Structures are given as C-alpha cells and as structure tokens.
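Thanks for coming. Please have a look at the model on the screen before I start.

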Amino acid sequence: MEVSESVSKDREAKKEAFRKYLESSGVLDTLTKVLVALYEENDKPSSAVEFVQQKLGGPSISDYEKLKAEKLDLQLKYNELLETHKETCRQLDELKNSKNGSGNNTC
C-alpha cells in the first residue's frame, strides 16, 4: 500500500467517525430541521445566517452587538467603581492612622 492510499484511508476514516459523532449527538437532525424551515419560508430572510442563529436559539446579530456594547459599558462602570473603592479605602486608612497612629489596613 502506498503512503498516499494510507493517508486517504485515514482521512476517510476520520470523516466517517466525525459524521457518526454529528449524527449520534443530534447535530445533523437539528441542522436539517433548521435548513428545511429556511427552505419552506415563503419570504426568504435577508440574512440566512441570522435566521439559522435565531432558530438555534442564539441572539440575532443586532442583539449580540447590543450585548457587547452593554458589556463594555458595564466593564467601564465597574472599573470606575473599583478605583473609587480603592481610593475610599486609602482615605479611610489615612484617617484611622492619623487618629490612632497604627498601620492597620481596612481594605
């Protein structure tokens, strides 16, 4: 047997194993149902990808972008609050140290 035949058989075996995995896990059935639903749509959606995402339970592209923007906004607010907290702790420590002369950190 030649090396190229062996590589080809190995590749085919991997493809078959992957196909069986997709079939046994229900992926092929689910994708088939979604594609059939798209095929049966009288008014085809402008974005087939977004249609498939929605049918599979994922957010639409516009929802994803909104969520991404909201996450960024919340991260910025968190960072600001964290810095405010650190500064407040530093000020509290300074006040405590000036009152009793000890170096106990509170935060």
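I will go through the domains, the salt bridges, the aromatic side chains and a surface patch.

This is a predicted model, in which local features need pLDDT of at least 70 and side-chain atom pairs count only at pLDDT 80 or more, while totals for chains, interfaces and linings use all residues. Residues are numbered from 1 along each chain as its sequence is written, and side-chain values use heavy atoms, with hydrogens and water left out.

Domains to begin with. The chain is assigned domain 1 (1-58) and domain 2 (59-100), with bounds that come from an automatic or database domain assignment. Taken over C-alpha atoms, the centres of domain 1 and domain 2 are separated by 43 Å. For another distance, take Gln91 and Lys20: 71 residues apart in sequence, 64 Å apart in space, C-alpha to C-alpha. Gln91 lies in helix H4 (residues 61-100); helices here are DSSP runs of H or I, at least four residues, numbered from the N terminus.

Next, salt bridges, meaning a side-chain nitrogen of Lys or Arg within 4 Å of a carboxyl oxygen of Asp or Glu. How many does a search of the whole structure find? It finds nine salt bridges. One of them joins Asp10 and Lys14, with the closest N and O atoms 3.8 Å apart. These two are four residues apart in helix H1, so about one helical turn separates them. Asp10 is partly exposed at 42% relative accessibility, and Lys14 is exposed at 56%; the cut-offs are under 20% relative accessible area for buried, over 50% for exposed, and partly exposed in between, with a 1.4 Å probe and protein chains only.

Also in helix H1, Arg19 and Glu16 are three residues apart, and their side chains meet at 2.7 Å, N to O. Glu16, Arg19 and Glu23 are linked in a network of salt bridges. In helix H2, Lys33 and Asp29 are four residues apart, and their salt bridge has its closest N and O atoms at 3.3 Å.

Now the rings. There is one aromatic pair. The ring centres of Phe18 and Tyr21 are 6.0 Å apart with planes at 35°, so the pair is tilted. For rings of Phe, Tyr and Trp (its six-membered ring), a pair needs centres within 6.5 Å; planes under 30 degrees apart are stacked, over 60 edge-to-face, the rest tilted.

Last, the patch. Val27, Leu31 and Leu56 make a nonpolar surface patch of about 220 Å². Patch residues have over 30% relative accessible area and no salt bridge, with like charges joined within 9 Å and nonpolar side chains (Val, Leu, Ile, Met, Phe, Trp, Tyr) within 5 Å; areas come from the Shrake-Rupley method with a 1.4 Å probe, and for residues only the protein chains shown count as cover.
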